[in-house]
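Please keep the sequence and the structure in view while reading.

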Amino acid sequence: MTDAAGNEQEFWDHRADAWERRADFLDRFSDAYGIPAMDALRLQPGERVLEIGCGPGTTAIELATRVAPDGEVIGVDISPAMLAAATRRAAAAGVTNINFLTADAQTGALGRDFDAAYSRFGVMFFADPVTAFANIRASLHPAGRFGYAVWGPLQDNPWMFVPVLAAGPVLKAELNLPGPNEPGPFSLAERDRLSTVLTQAGFVDITIEMVSGSRVITAATANDDLRAMAEIGPLSEAYGNADTATRQAAIDAILAAIEQYRDADGWRLPGAALTVLARRP
């Protein structure tokens, strides 16, 4: 494993506990974008599916139900700690047609002859996305489909930048926004770059759709929801290292900042993602 991959593994291993505890929250906030990408694959019972960046396993379980009873899902993640969480979740759900594989999807051996590959916000962190997507393409059989969701442009996603800008100074967090072509949440936010990367990786029949939605924070669960966002987002390390009073001050700062998005039941923070479908020739 390269130093870069080792650093990436350490990064996600460190976050696995919070992601496991907050898996249901992640689904509630991400399904509006991830499910359309999954639907576009039109999975059928009996198909084999590769999931890239499966995290704590909730999407792998959904994929497995769609290809049951005879289909199979292989969930890949660079983090053994994430895969341990995914294994526990699948076992608790009684889902047996999933297996998990620790691998760097950019360069690692992923298997062969999959009918489809899928990812929900798991492909934006590759140092070399062309190489990574070509590796994913090689795992598919001819005419195999690749569907995934990535975040759209930063300015279309106040759900992320408004809380971060509000709480960052309170937590004394060092915020370094990656450049437009550097690994990070918005590295594939532009349609032209997405299309170019996929074409260079050998995919055809590329379709890209914008999906707009809102991350809803309800008044009844606001404090817990915002704590979850702090625990799993860009501020996770600073939030985890802060004392109780500072953490609450950060949450209070977020509440003040999102007031502009208040509605009758809570707050609706706008978000936008790109859902992508492509095919191996």
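Of the 281 residues of the protein chain, 49% count as buried, where buried means under 20% relative accessible area, exposed means over 50%, and partly exposed lies in between, with a 1.4 Å probe and protein chains only. The model is a predicted one, in which local features need pLDDT of at least 70 and side-chain atom pairs count only at pLDDT 80 or more, while totals for chains, interfaces and linings use all residues. Residues are numbered from 1 along each chain as its sequence is written, and side-chain values use heavy atoms, with hydrogens and water left out.

The protein chain contains 10 helices and 7 strands; these are DSSP runs numbered from the N terminus, with helices (H or I) of at least four residues and strands (E) of at least two. Its radius of gyration is 18 Å, close to the 19 Å that the globule rule gives for 281 residues, so the chain is as compact as a globular protein of that length. This radius is taken over C-alpha atoms, and the globule rule is 2.2 Å times the number of residues to the power 0.38. Along the principal axes, the C-alpha trace spans about 55 × 45 × 40 Å. The accessible surface of the protein chain comes to about 12,400 Å², and 52% of it belongs to carbon and sulfur atoms; such areas come from the Shrake-Rupley method with a 1.4 Å probe, and for residues only the protein chains shown count as cover. Among contacts with a separation of 6 or more, 80% are accounted for by residues 24 or more positions apart, a contact being heavy atoms within 4.5 Å.

The interior comes next. In soluble globular proteins, nonpolar side chains tend to be buried together. In this model the largest nonpolar core has 85 residues, of which Val123, Phe133, Phe146 and Tyr148 touch the most other members. A nonpolar core is here a set of buried Ala, Val, Leu, Ile, Met, Phe, Trp, Tyr and Cys residues joined through side-chain atoms within 4.5 Å. Which residues does Phe133 touch, not counting those up to four places away in sequence? They are Val123, Phe126, Phe146, Tyr148, Leu188, Val197, Leu198, Ala201 and Phe203.

Aromatic rings can be followed through this region. Rings of Phe, Tyr and Trp (its six-membered ring) pair if their centres lie within 6.5 Å; planes under 30 degrees apart count as stacked, over 60 as edge-to-face, and the rest as tilted. The count by this rule is 13 aromatic pairs. One of them joins Phe126 and Phe133 in an edge-to-face arrangement, 6.3 Å centre to centre with 90° between the planes. Phe126 and Phe133 are both buried. The ring centres of Phe133 and Tyr148 are 5.5 Å apart and their planes stand at 55°, so this pair is tilted. The pair links distant parts of the chain, with Phe133 in helix 5 (residues 129–139) and Tyr148 in strand 5 (residues 140–151), 15 residues apart. Ring pairs link Phe126, Phe133, Phe146, Tyr148 and Phe203 into a cluster.

Charged side chains also lie over aromatic faces. Arg15 is placed over the face of Phe11, at 3.6 Å from the ring centre, and Arg48 over that of Phe114, at 4.3 Å. A charge sits over a ring if NZ of Lys or CZ of Arg is within 6 Å of the ring centre and within 35 degrees of the ring normal.

Trp159 lies in helix 6 and, at 8% relative accessibility, counts as buried. Leaving aside neighbours within four places in sequence, Trp159 is in contact with Trp151, Arg215, Met229, Leu269, Pro270 and Gly271.

The peptide bond from Ala68 to Pro69 is cis, with omega near 5°, and Pro69 is found in the loop between helix 3 (58–67) and strand 2 (72–77). Phe121, in the loop between strand 4 (114–120) and helix 5, has a phi near 60°, a positive value in a residue other than glycine. Is Phe121 buried or exposed? At 12% relative accessibility, Phe121 counts as buried. Lys172, in the loop between helix 6 (158–171) and helix 7 (191–200), has a positive phi near 55°, and at 74% relative accessibility Lys172 counts as exposed.
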